[in-house]
Amino acid sequence: MTTSTIPQFGIGTFRLKDQVVIDSVRTGLELGYRAVDTAQIYGNEAEVGQAIAESGVARQEIFVTTKIWVDNYAPEKLAASLEESLRKLRTDYVDLTLIHWPAPGNGVPLQAYMTALAQTRERGLTRQIGISNFNIALTREAIAAVGEGNIATNQIELSPYLQNRKLAQFLQAQGITVTSYMTLAYGKVLGDPVLGDIAARHQATPAQVALAWAMQLGYAVIPSSTKRANLAGNLQARTLRLSDADMAAIAGLERNGREVSPAGLAPDWD
């Protein structure tokens with residue numbers, strides 16, 4: 001059984017394009033980020049690759065994640081699409097490749113695309129494989145397809161307003177790292193009075209509190225920002241230690257506040 005090694009802190013690139021994403025990734029790497037998360041559908045792999053190439057940081061020091069888009073799930077397309085991603089990213093391999101959405105309605109059986117994904121790892125195109133936006137039932141199917149210990153992470157929407165405890169506990173029991181995306185709920189949690197009070201007590205920001213909360217629960221986080229000050233501030237969440245009372249207060253913020261659930265792509269959520 002392989003143990004996944006997912007960096008606990010990375011930089012996300014969702015919705016960032018062109019020069020904006022180049023600048024964000026370059027700044028992040030300058031500040032000390034060493035994990036970068038992208039996806040085929042983001043349309044920015046080439047720019048992310050350019051930023052990494054121009055950063056002066058050695059490729060082997062950077063953990064690069066991409067995600068296979070649903071149009072490429074067919075076994076005859078999946079590896080070729082990842083090879084195209086590698087060309088754009090200017091690298092011989094990525095550290096982690098995820099299936100972006102389970103897409104139960106798109107006609108490619110889960111077993112088929114998970115098997116094709118596992119084969120890309122055998123070929124050395126990716127070091128680890130994983131899933132994104134899978135519920136418990138589909139995660140079980142994915143484990144059955146590729147074997148226990150082979151799914152490094154399930155990257156899921158998770159924030160103080162959407163705590164996804166049932167799924168997170170299941171994943172942790174399986175030894176699958178929980179990667180939280182949209183940990184700040186599109187910025188909605190930043191004005192939360194509970195997070196504001198905790199932040200004030202720790203001389204921190206609400207964003208740092210939300211990120212520290214997720215990391216203290218054992219999750220990996222991949223916040224994005226276009227502003228240098230925010231990129232730097234987010235990094236400081238790594239050293240923020242919340243008390244049991246802080247953690248309990250944040251646990252009380254759950255409101256099933258899901259932001260993303262595209263029809264045809266999303267599963268039936270737990």
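Two strands pair if DSSP finds at least two bridges between them. Helices (H or I, at least four residues) and strands (E, at least two) are DSSP runs, numbered from the N terminus.

The model is predicted: local features need pLDDT of at least 70, side-chain atom pairs count only at pLDDT 80 or more, and totals for chains, interfaces and linings use all residues. Residues are numbered from 1 along each chain as its sequence is written, and side-chain values use heavy atoms, with hydrogens and water left out.

**View 1. Strand S7 beside strand S6.**
Strands S6 (residues 151-157) and S7 run parallel and are joined by five bridges. Asn154 has Val178 of S7 as its bridge partner. Strand S7 spans residues 177-181, and five of its five residues are buried, so S7 is largely enclosed by the rest of the structure. Buried means under 20% relative accessible area, exposed over 50%, and partly exposed in between (1.4 Å probe, protein chains only). Both faces of S7 are covered. Thr177, Thr179 and Tyr181 lie on one side, Val178 and Ser180 on the other, and all are buried.

**View 2. Helix H7 against helix H10.**
Two packed helices are described by the angle between their axes and the distance between the axes. Axes are lines fitted to C-alpha atoms, for helices over the stretch in contact, and angles run from 0 to 180 degrees between N-to-C directions. H7 (residues 193-201) and H10 (residues 244-251) pack at about 165 degrees, their axes 10 Å apart. H7 is therefore roughly antiparallel to H10. Angles under 35 degrees count as roughly parallel, over 145 as roughly antiparallel, 65 to 115 as roughly perpendicular and the rest as oblique. The crossing of H7 past H10 is left-handed. A crossing is left-handed if the near helix is turned anticlockwise from the far one by less than a right angle, and right-handed if clockwise. H7 contributes Val194, Leu195, Ile198 and Arg201 to the contact, and H10 contributes Asp246, Ala249 and Ile250. Contact means heavy atoms within 4.5 Å. By class, the contact of H7 with H10 has five nonpolar, no polar and two charged residues. Ala, Val, Leu, Ile, Met, Phe, Trp, Tyr, Cys and Pro count as nonpolar, Asp, Glu, Lys and Arg as charged, and the others, Gly among them, as polar.

**View 3. Helix H3 against helix H4.**
The axes of H3 (residues 75-89) and H4 (residues 110-122) come within 9 Å and cross at roughly 35 degrees. H3 passes H4 in a right-handed crossing. From H3, the contact takes Pro75, Leu78, Ala79 and Leu82; from H4, Ala112, Tyr113, Ala116, Leu117 and Thr120.

**View 4. Helix H1 against helix H9.**
H1 (residues 18-31) and H9 cross at roughly 45 degrees, and their axes come within 10 Å. H1 is therefore oblique to H9. The crossing of H1 past H9 is right-handed. Ser24, Thr27, Gly28, Glu30 and Leu31 of H1 meet Arg228, Leu231, Ala232 and Leu235 of H9. The contact of H1 with H9 has four nonpolar, three polar and two charged residues.

**View 5. Pro223 and its contacts.**
Pro223 sits in the loop between strand S8 (220-221) and helix H9 (228-235). Pro223 counts as buried, at 10% relative accessibility. Not counting residues up to four places away in sequence, Pro223 touches Phe9, Gly10, Ile11, Gly12, Leu211 and Asn234.

**View 6. Gln60 in its loop.**
Gln60 lies in the loop between helix H2 (45-54) and strand S3 (63-68). Gln60 counts as exposed, at 66% relative accessibility. The C-alpha atoms of Gln60 and Leu253 are separated by 39 Å.
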